[in-house]
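I opened this model to see how its parts pack together. My notes follow in the order I looked things up.

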Amino acid sequence: MTIMSINKQTFAITSVLAYALATYVMVAPAFTVNQFNLPQWLAFLIVSIPFGGRVIGSFLYQRIVSVLGSRLTYLISMVLLGVLSLGSSINILGLLIPLRLLVGIVFGIATSLAVEQAVRSGNRIITALTMSGWAFGWIGGALSYLSLQDWGLIAISGILTIPFSLLYKDVKVFSVEVTKFSIPSVSSILVFFFSFEPAFALQLAPAIVEAEGGITWLIIGYIISIGMYILVPVISNTLGESKTAIMYTVISAVSGVLFFTTASPYMLVVFTAFGLGINSIAPRLSAAYGASARTMGFALNTAALGGVVVPVVGSLNIKVIASLFTAISMIILLVMSVKKGNAVTVAS
């Protein structure tokens, strides 16, 4: 697989859009979980089941992009996200669950493309901005909830992905060449699992803070996190990868435990900002553990199975289980980061 002509501007725009729009469609139900009128565990399953679909999508991605090329892969995934979101506006449990699973599959394809493009660009800022697409998607979901309130209307708004599908024009990026499917190392998958645990756990946040008007605080946290994504490469150049990882993981662990045990909106802001910002470390650390640009999306989306487990299990006892998940994940990620810190390439 080769890059015939690299256009970094297109890499940046389409990578961020693919990640952000896919995230918006996938996470929007988290803000309306109480509108489903279902047992809490089942409502959170609707929110989190796309995380399981992500694994299937990332598995299919390598074959799809090899046959169709990057432009068609981007276009088709954006159109499908819009159509599936529109279909999800029909609040029928028997229909909603399979549609949400399909959303996850398309998410896995779109984000695998986004991550591969970003990593192949060789630009750490583009990679950081791409990973911040998760925050942009959550901000969009929160704003749509505040303005539209109703799940059906929010789901319909997902059709905005369709016009954005046309942005990928006349740019030769990946050659159409069938390649052998490859699987990343278990360690590279674990890197993404532990670094994304705060993102998984934050699916619980809207239900925790909604009654106190805390959605605004959640939005503030996501806005700040965008800057934190971008700061990781900058701080790493000054402090080094290991010290940067120590700072982010420790603050994420402490603020996460405090938020889940106290429901403090101030701790939510800190946890969101640092817990998501730590995602910028994941691609480089995953590469140090053997993941390539092509397999990194598979590692990321396979790790996303945690997005099903963490909120569903954590909802059974948020103060204890969600707190423990967060603290333990940050400790393990810290150990993995320090162990491989010197092996991570620092590139501008």
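I began with the contacts of Phe260. Leaving aside neighbours within four places in sequence, Phe260 is in contact (heavy atoms within 4.5 Å) with Ala201, Leu204, Ile208, Phe271, Ile318, Lys319, Ala322, Ser323 and Thr326.

Ground rules next. This is a predicted model, where local features need pLDDT of at least 70 and side-chain atom pairs count only at pLDDT 80 or more, while totals for chains, interfaces and linings use all residues. Residues are numbered from 1 along each chain as its sequence is written, and side-chain values use heavy atoms, with hydrogens and water left out.

I checked confidence. The protein chain averages a pLDDT (the predictor's confidence in each residue, from 0 to 100) of 82, and 89% of the residues score at least 70. Over residues 1-6 the pLDDT is below 50. That stretch still has 19 contacts in the model beyond near neighbours in sequence.

Back to Phe260, now for the core. A nonpolar core is a set of buried Ala, Val, Leu, Ile, Met, Phe, Trp, Tyr and Cys residues joined through side-chain atoms within 4.5 Å. The largest has 95 residues, and Phe260 is among those touching the most other members, along with Tyr19, Trp134 and Phe192. Helix H2 (residues 40-87) gives the most to this core, with eleven residues. Helices here are DSSP runs (H or I, at least four residues), numbered from the N terminus.

I then looked at helix H12 (residues 241-262). H12 has 22 residues and reaches 31 Å from its first C-alpha to its last, close to the 32 Å expected at 1.5 Å a residue. The expected span is 1.5 Å times one less than the number of residues. Its buried residues (under 20% relative accessible area, 1.4 Å probe, protein chains only) include Tyr248, Ser252, Phe259 and Phe260. Ala263 follows H12 and has a positive phi, near 60°.

What does H12 meet in H13? Among the residues of H13 that H12 meets are Met267, Leu268, Phe271 and Phe274. The axes of H12 and H13 come within 8 Å and cross at roughly 145°. Axes are lines fitted to C-alpha atoms, for helices over the stretch in contact, with angles from 0 to 180 degrees between N-to-C directions.

Lys319 lies in helix H17. Lys319 touches Phe260 and Thr261, not counting residues up to four places away in sequence. Lys319 and Val257 are 62 residues apart in sequence but 7.9 Å apart in space, C-alpha to C-alpha.

Key. Helix = DSSP H or I, 4+ residues; strand = E, 2+ residues; numbered from the N terminus. Buried < 20%, exposed > 50% of the residue type's maximum accessible area, 1.4 Å probe, protein only.
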